[in-house]
Amino acid sequence: MAPTPYLELKDICKDFSGVRALETANLSVAPGEIRCLVGENGSGKSTLIKIVAGVVHHDRGEIRIDGHSFSRLHPIDAIREGIQVIFQDFSLFPNLTVAENMAMNTLLAERRRLVTRRRIRDIAGEALSRLGVELDPEALVEDLPVASKQLVAIGRALLQNARLIIMDEPTAALTRPEVRRLLEIIRALKERNIATLFVSHKLDEVMDVSEQITVLRNGRVVADEPRAAFDAARLVFCMTGRRIAQARRSAVPERTDTPLLSLRHLSRKGSFRDVSFDLWPGEILGVTGLLGSGRTELALALFGMEPATEGEIRIEGREVSIRSIHDALRNGLGYVPEDRLTEGLFLSKSLADNAAAGTARDLAGRLGLLPPRAVLRFGEDWIRRLRIAAPSASVPVRNLSGGNQQRVVLARWIALSPKVLVLNGPTVGVDIGSKSEIHAILEDLAAKGMGILIMSDDIPEVLHNCNRILLMKRGRIVEEFDGAATDENELARKLAG
Amino acid sequence: MPSRWNMLWKKNEFLVGLTILGLCLFVGSVNSAFWSLPNLFDLLRSSVVLGIFALGALVVIVSGGIDVSFTAVAVLSMYITTKLLLAWGYAGPFLWICLLSCSIGLCLGLVNALFISAFRLPTLIVTLGTMSAFRGFLLAFIGSNHISVLPQAMVAFSQWDLLRGRTPDGVLYSLPGAVLFLFGAALFTWALLRYSMLGRGIYALGGDAVAAERVGFSLSRIQFFIYGYVGVLAGLGGIIHTSLSRMANPFDLVGTEMNVLAAVVLGGARITGGHGSVPGTLLGVGLVVIMNNSLILLGVPSYWQRVAVGLLLLAGTAAPILLARTRKRPHAGEEERS
């Protein structure tokens, strides 16, 4: 007999201004169950989570939590019933310490007027011990890496006597060892009968940790079965409704006389050392390595954000000095940052404004004024070219899904027609369907002679898309692989070892 | 490994303290009058009103807002209070005068809070507007004359000294009792920010307003408190200023808000919110006061003092930022091992 579900949603419908976001969706989570909710962006995952959190109210259907039925669920009800949602932004206070962040909810729930350092430390100590991790409780959250911020958020949720923790894209910004640790924590929570609803579109992790999988597509539940019923291909098919072949990159470009970009003994103190490689026209070159291996720093150096201190950079055989972003742009280098939300996009501005941000000068009319219509046309043009799913070019980028946001960033760079495009984690937080389309766009750019440098620790990504792969460790390039001659296991082993 | 010494260097209070020390040594070496007791008392006297205002400004800045209307609130509160007391022929103790002025300040502060919290307007715009409105209201409807005959209790307050002395050449000097008000306000604000849930809420609001709301803080309640509290401190500062200078001048104080904000920012509060402490603010106040005072001792013309305070502000805010930039990225590979 199946255990009574802790959370049960029945026939949930939700419209947003006429658009159906959820259509008779069902979801149930048993106590201590680890369930994954998967689906592409726009499939209704986020809406479903928000309904469970009480942030968004459903139009029709029934919500039962722990036997209680709610016709209208408020956030405070959800919290009282033991539901904790860890949003992608974590909702932490960057200016406060780890301990203060963890203790905040508890202190508020206790309705205290006064607090002491000791009380905060005790609460945080409790959270850390439940979590089973080491974190400096006195560190400021703004100084922590993403993975630790997430731990703080989880610790805070545990203190609320959570019975169901919902994590929205928890692995989007984590490196592999960090993901592994997170999954261990989720399993440990299960031991204590705490259920986890894990929202993800990274397939390997989903398969790894879940007991039950619910697949959403276009607002409908298309599959709800135990994990054993799925293999990777079936999951992809359920999510996208089509078959996506993970084709290897085949076309190896012919090498011309001069490489597009060559680095010789490039170093930056404390970041990377003695980096030398060539990038040929039409080539996609992957640079992989763990967090802290220097791959991000190398990208930043190429884009002039943290200039290299020694060595030389040649573009088409000519030595160039890249001391600033301006230098990088002038020499035909483009950079798509890791964290597009904070570094790459003006979230509240329209798609068109964002896409045109780099090329504004070319669009400007006489007197240097920028006619809004030209910008809009430019945006519409890129919507077509990169198949961006957006109602119009005037929607704020904030309202787009991750994959589409990434295309907007790409559009901006492609419009500048750089010689070399450096992408740092190009598909972090992007669903499979979009991912393969973004890869196709990159392939297409390479075919036109652009040199593409992908910095990523997503092994399948570099493997399937790159001609060659460079492995970085401790700031040095330690090995070079032929994209066609190596496999996932070998690369993963070398990366970790 | 971060040693104790390194931690100390990271502390803003420590840097400000060092600057003060350096400034004192320099000025003292040029003019030995700097180290005299009369000068020290003078510095403390000058710090009282500036300090009380700065405590209010600190609370606002920590919450991620800014208030430029507090000097207008201070003048309006103190002027109405003085006029009312004179009309009533009040002869009671100073305490009630303070309470009256603070209450008026509270009401004016709540006007700010209303606009900021209920209508969700930007704090700078609201307080710029109310600063002008309060000041105009004072001059148009209440009066624009100096009042130099003050109620007895206020005169008595100005003569209340904790310590008195006479220099060898016969000049009287004293430590005014008003400094106790500064210390009291500082102690209260410190405890509030550090040990009350409300204070945690103020930091939380300054750190991430959306997150603060999600966690369950009532943002409007916190904002009403903040702007009300600033109003109360402004009322207090206004009446103390009037008493110490023994004149109610409706043209006074407005214009000094930038000095106050400079002191708070020099004391380590970040204008973007979330960071700042009472000890830091007091040091910032000390720095500004010593700067102004010592330039007089050094014989620098008074217009130059404004230039100097401006440069100090630039240097003081740039130094921690530049320091932070140099140690931004950890050594590659160090993280990998963990």
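I am working with a predicted model, where local features need pLDDT of at least 70, side-chain atom pairs count only at pLDDT 80 or more, and totals for chains, interfaces and linings use all residues. Residues are numbered from 1 along each chain as its sequence is written, while chains are lettered from A and ligands numbered from 1 in the order in which they are written.

Strand β11(A), residues 261-268, pairs antiparallel with β12(A) over five bridges. For my own reference, strands (E, at least two residues) and helices (H or I, at least four) are DSSP runs numbered from the N terminus, and two strands pair if DSSP finds at least two bridges between them. Both strands belong to an open, antiparallel sheet of four, in the order β12-β11-β14-β15 of chain A. β12 (272-279) and β15 (318-320) of chain A each have a single partner strand, so one side of each is left without a neighbour in the sheet. Neighbouring strands here are turned by 25° against each other on average, direction ignored; axes are lines fitted to C-alpha atoms, for helices over the stretch in contact, and angles run from 0 to 180 degrees between N-to-C directions.

**Entry 2, the six-stranded sheet.** Next I traced an open sheet with mixed pairing, ordered β6-β7-β8-β3-β9-β10 in chain A. Its edge strands are β6 (83-86) and β10 (220-226) of chain A. Between neighbours, the average turn is 15°, direction ignored. I then followed β9(A), residues 212-217, which is joined to β10(A) by six antiparallel bridges. Thr214(A) faces Asp224(A) of β10(A) in that pair.

Which strands does helix α8 of chain A touch? I found β3, β9 and β10 of chain A, with the direction of α8 (232-240) at about 35° to that of β9(A). Contact here puts the C-beta atoms of two residues, placed from the backbone, within 7 Å.

Chain A is divided into domain 1 (7-240) and domain 2 (261-496), with bounds from an automatic or database domain assignment. Taken over C-alpha atoms, their centres are 31 Å apart.

I listed 23 residues from chain B and 26 residues from chain A in the contact. On the chain B side, α9 (197-207), α10 (209-215) and α15 (334-337) give two or more residues. α9(B) gives the most, with six residues.
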